[in-house]
Amino acid sequence: MCSAVTRVKPVQGVLALTLRLRTNTEGSSYAAAGSRRFCPGVSTGVDPLRATTGRYCSGMAQTKGLIFRQLFESQSSTYTYLLADTETKEAVLIDPVLETINRDLKLIHELGLNLKLAVNTHCHADHITSTGLMKKRLVGLKSAISKFSGASADILLSEGDKITFGKHYLTVRETPGHTDGCVTLVSRDQSMAFTGDALLIRGCGRTDFQQGCAKKLFQSIHQKIFTLPDQCLIYPAHDYLGQTVSTVGEERKFNPRLTKSLEEFVNIMNNLNLPKPAKIDISVPANLVCGVHEV
């Protein structure tokens with residue numbers, strides 16, 4: 001086991017209050033998302049940096065001594081997150097995308113960071129991860145994913161594990177329902193939560209493929225995410241409407257799906273009738289082997 005991850009006692013979730021939410025966030029198509037020309041950011045006063053592949057904007061870290069960047073890939077509307085310790089320069093990359101590997105490596109080099117771990121919040125169906133190829137280009141880099149994902153990686157994550165970088169760490173909370181191997185990564189001070197596809201901004205991950213289970217997703221979000229402080233920032237793996245960040249308090253109050261009862265939520269999720277992701281047939285086999293299948 002890599003020293004970047006330590007095992008701790010699993011987090012004990014407490015079921016939060018049920019809330020009211022609308023049902024149409026995830027229905028936007030991947031093709032429509034790819035046509036956008038804006039560059040999303042999470043704070044004013046920070047200039048976006050241009051790159052040859054994809055675009056990204058820098059986000060302001062809420063925690064002292066933390067470097068934070070929210071990056072965007074337009075084809076799959078995927079957010080990649082870079083976090084680093086300002087003193088040691090140790091860094092973690094969350095949900096990197098194959099198409100933007102050159103952009104991400106360029107930024108890491110420019111900031112003088114030592115990338116220790118590239119972690120996927122789950123086995124993605126809409127894009128291929130760059131973790132496998134990135135390991136070939138960065139000596140000492142390790143990959144990580146949930147032990148329940150069925151995917152291979154250097155580190156298989158479990159509930160309560162801590163991903164450390166410098167004086168900072170992210171705690172793993174298992175949040176299955178979209179897939180069995182979904183995790184949410186929570187910062188040490190609980191000011192930030194990287195929710196993958198479990199909780200989106202005013203929406204949630206679909207549950208109609210890859211071991212999806214609406215009841216399990218409802219319970220995961222209420223027990224593992226909605227129990228975080230109201231002001232905790234929510235950073236999802238995707239957004240199709242140009243939204244960049246939310247909070248736990250906002251999602252408890254305004255998320256149109258998760259303010260419903262469990263029964264209503266299951267009925268909504270079972271009747272979305274969404275087309276399958278365009279790249280699922282190539283993305284899932286590749287992501288099961290760290291993204292290096294036929295690359």
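**First stop: helix H2**

Select helix H2 (residues 101–110), where the buried residues are Ile-101, Arg-103, Asp-104, Leu-105, Leu-107 and Ile-108; buried means under 20% relative accessible area, exposed means over 50%, and partly exposed lies in between, with a 1.4 Å probe and protein chains only. Helices (H or I, at least four residues) and strands (E, at least two) are DSSP runs numbered from the N terminus. Just after H2, move to Gly-112, which takes a positive phi of about 65°.

This is a predicted model, in which local features need pLDDT of at least 70 and side-chain atom pairs count only at pLDDT 80 or more, while totals for chains, interfaces and linings use all residues. Residues are numbered from 1 along each chain as its sequence is written, and side-chain values use heavy atoms, with hydrogens and water left out.

**The whole chain**

Zoom out to the protein chain, whose secondary structure comes to seven helices and 16 strands, and in which 57% of the 295 residues count as buried. Among its contacts (heavy atoms within 4.5 Å) between residues at least 6 apart in sequence, 67% join residues at least 24 apart.

**Leu-199 and its surroundings**

Next select Leu-199, which is found in strand E13 (residues 199–200) and, at 0% relative accessibility, counts as buried. Leaving aside residues up to four places away in sequence, Leu-199 touches Cys-204, Ile-221, Ile-225, Phe-226, Ile-234, Pro-236, Glu-251, Asn-255 and Leu-258.

**Where H4 meets H6**

Now show helix H4 (residues 214–225) together with helix H6 (residues 262–269), which pack at an angle of about 125° with their axes 9 Å apart. That angle makes H4 oblique to H6, the class left over once under 35 degrees is taken as roughly parallel, over 145 as roughly antiparallel and 65 to 115 as roughly perpendicular. Axes are lines fitted to C-alpha atoms, for helices over the stretch in contact, and angles run from 0 to 180 degrees between N-to-C directions. Display the side chains of Ala-214, Lys-215, Leu-217 and Phe-218 in H4, which meet Leu-262, Phe-265, Val-266 and Met-269 in H6.

**Two cysteines**

Finally, select Cys-213, which is partly exposed at 28% relative accessibility, and then Cys-290, which is buried with a relative accessible area of 9%. The structure holds zero disulfides, a disulfide being a pair of cysteine sulfur atoms within 2.5 Å.
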